[in-house]
Amino acid sequence: MSVLRLDHVSRWYGNVVAVNDVSMTIGPGVTGLLGPNGAGKSTLIALMSGFLAPSTGTVTLDGDPLWRNESVYRRIGLVPEREALFDYLTGREFVVANAELHGLADPGAAAAAALALVEMTEPQDRAISTYSKGMRQRVKMASALVHEPAVLLLDEPFNGMDPRQRIHLMELLRTMGADGRTVLFSSHILEEVEQVARQIEVVVAGRHAASGDFGAIRRLMTDRPNRFVLRSSDDRRLAGALLTDPSVRGVRLRAEGGLELEASDFGRFSMALPRLAREGGIRLLEVTPSDESLESVFAYLVAS
Amino acid sequence: MTAVVSGTVIRLARKSVFGRRRGVLLVVLPVVLLGLSLLIRVLVGSDPDAARHTLQALGLVVVTPLVALLATTGVLSPEIDDGSIAYLLAKPVPRSRIVLSKLVVALGCVVAFAALPTLLAGLLMRASEPRLGLAYAVGSLVAGAAYCAVFAVLSVLTRHAVVVGLIYLLVWESLLGGILDGVRWLSITRWGTAIAAPVSGLPLSPTLGATYAAIATAVVIVGATWLTVWRLRGFNLTGDE
């Protein structure tokens with residue numbers, strides 16, 4: 001049972017703050033590190049894997065500092081996001097080399113077991129340069145698992161995987177979490193994260209925006225006020241009708257035509273809108289969510 | 001676990017050098033040296049001056065540093081550039097062991113593609129004077145080791161290690177080293193010549209003593225290796241800096 005702890009960690013590059021005063025504790029089980037691209041997920045994983053020094057604060061694994069402490073790698077398995085591998089080796093040679101570097105008693109057997117775990121036994125004797133993106137991802141997984149680490153850190157592990165491989169990896173991560181290992185993976189896709197992780201840490205623009213059970217995070221994300229742009233056959237009358245429904249927080253007539261609307265309860269609003277339009281004999285010409293991008297979802301989380 | 005080098009890292013580094021195009025370049029350099037030596041032997045005969053100039057100007061000034069540059073950057077730069085060195089570093093292995101293992105492979109290349117060919121070229125041109133070839137082979141080996149250490153630091157300091165290394169060789173070692181005599185105090189090639197001198201029994205380096213050269217070379221090798229290890233201990237995976 002291993003625990004990764006970040007205590008008031010910041011990391012900046014010159015004037016750019018990549019990680020801003022983040023404190024979090026990652027314990028056994030699967031944790032998802034969720035955030036839009038450029039939010040600082042990779043920086044956090046680099047900090048947690050000893051490949052980056054915090055500018056301030058401390059990062060520890062079971063109380064041991066990670067920076068400039070190579071002994072921690074006995075307990076850590078790392079799957080970096082970058083695809084580069086030792087292309088001139090075969091998959092098996094690569095994983096065996098990883099096992100040897102960990103000083104395992106039987107590197108060949110450990111490598112065979114790790115390759116079997118990620119279903120890479122069949123292509124293991126082909127050069128890595130011939131592997132597809134998904135196969136590279138799996139061979140990276142095998143290299144990180146070969147010493148059966150207590151902590152597994154994965155940076156965007158589902159990138160480039162086809163749906164079947166994705167499901168397989170999700171199962172693998174769940175099993176490892178259930179075994180009591182500390183598994184942390186990053187992703188920018190909520191659906192991906194909530195399928196595997198119970199615990200979710202959300203980072204936005206380098207800040208720790210939210211932390212909790214996936215249900216709570218999901219509610220935070222879907223229950224936020226939604227903004228829409230509507231166009232109809234009679235905007236003014238539609239605005240009046242919509243304001244009678246409690247799911248609508250505000251409506252504004254736009255100078256260029258159409259309505260701008262903010263709904264507080266998305267589920268209720270999506271039922272009310274067609275009903276109100278039909279009752280008023282108003283024809284809906286356009287319904288466009290104006291803030292559906294992931295960034296705006298995260299921006300809301302930061303503000304709340 | 002107290003080994004100074006890692007057999008696994010050596011194996012990977014060896015494959016890395018010969019698995020790429022630069023492996024071919026490493027073979028071309030000594031072939032040119034030996035080909036030219038053969039030509040001199042056939043056209044000029046066993047001439048001591050021609051032999052000495054060829055071993056110095058081609059063997060020590062061109063082939064040795066270039067082999068060291070290609071081999072050392074070959075075992076370090078590509079992995080640092082693409083981040084795959086993380087697979088070596090995310091292991092409970094002392095960084096010194098990783099650096100020394102890679103330097104062993106680079107030095108092996110210097111022996112095989114610079115020092116030994118220099119010895120052979122010397123014997124080819126001056127069969128009657130084997131000490132000349134041996135002296136330059138020793139000079140090539142010692143200078144090559146110092147070059148490997150210097151290029152290892154360059155590889156961990158800059159992404160353009162090959163270009164910076166070439167500029168350094170061209171401007172400092174060749175151009176300025178040829179014009180300004182004072183450069184000899186800070187020139188690895190000149191140190192190599194000074195170390196070769198007592199082995200050859202000839203006044204190859206009248207203005208620089210072998211003792212100074214040996215100490216300076218040792219300082220560079222130890223200092224540069226230590227700096228490389230220190231930089232690698234603080235390797236940033238994100239590469240944003």
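**A helix and what follows**

Author: Helix α3(A) is followed by Glu119(A), whose phi is positive, near 55°; helices here are DSSP runs of H or I with at least four residues, strands are runs of E with at least two, and both are numbered from the N terminus. This is a predicted model, in which local features need pLDDT of at least 70 and side-chain atom pairs count only at pLDDT 80 or more, while totals for chains, interfaces and linings use all residues. Residues are numbered from 1 along each chain as its sequence is written, chains are lettered from A and ligands numbered from 1 in the order in which they are written, and side-chain values use heavy atoms, with hydrogens and water left out.

Reader: Which residues of helix α3 in chain A are buried?

Author: In this helix (residues 107-117), Pro107(A), Ala110(A), Ala111(A), Ala114(A) and Leu115(A) are buried, meaning under 20% relative accessible area with a 1.4 Å probe and protein chains only. Seen down the axis of α3(A), they fall within an arc of 130°, so they line one face of the helix; the arc is that of the directions from the helix axis to the C-beta atoms.

Reader: And what do they pack against?

Author: The buried residues of α3(A) pack against α2 (91-101) and α4 (133-145) of chain A.

Reader: Switching topic, where is Ser186(A) found?

Author: Ser186(A) lies in strand β8 (residues 182-187) of chain A and is buried, with a relative accessible area of 0%. Its side chain makes a polar contact with that of Asp155(A) at 2.7 Å, a polar contact being a pair of N or O atoms within 3.5 Å, where within protein one must be able to donate a hydrogen and the other to accept it, and residues adjacent in sequence count only if both atoms are side-chain atoms.

Note on methods. Buried means under 20% relative accessible area, exposed over 50%, partly exposed in between (1.4 Å probe, protein chains only). Contact means heavy atoms within 4.5 Å.
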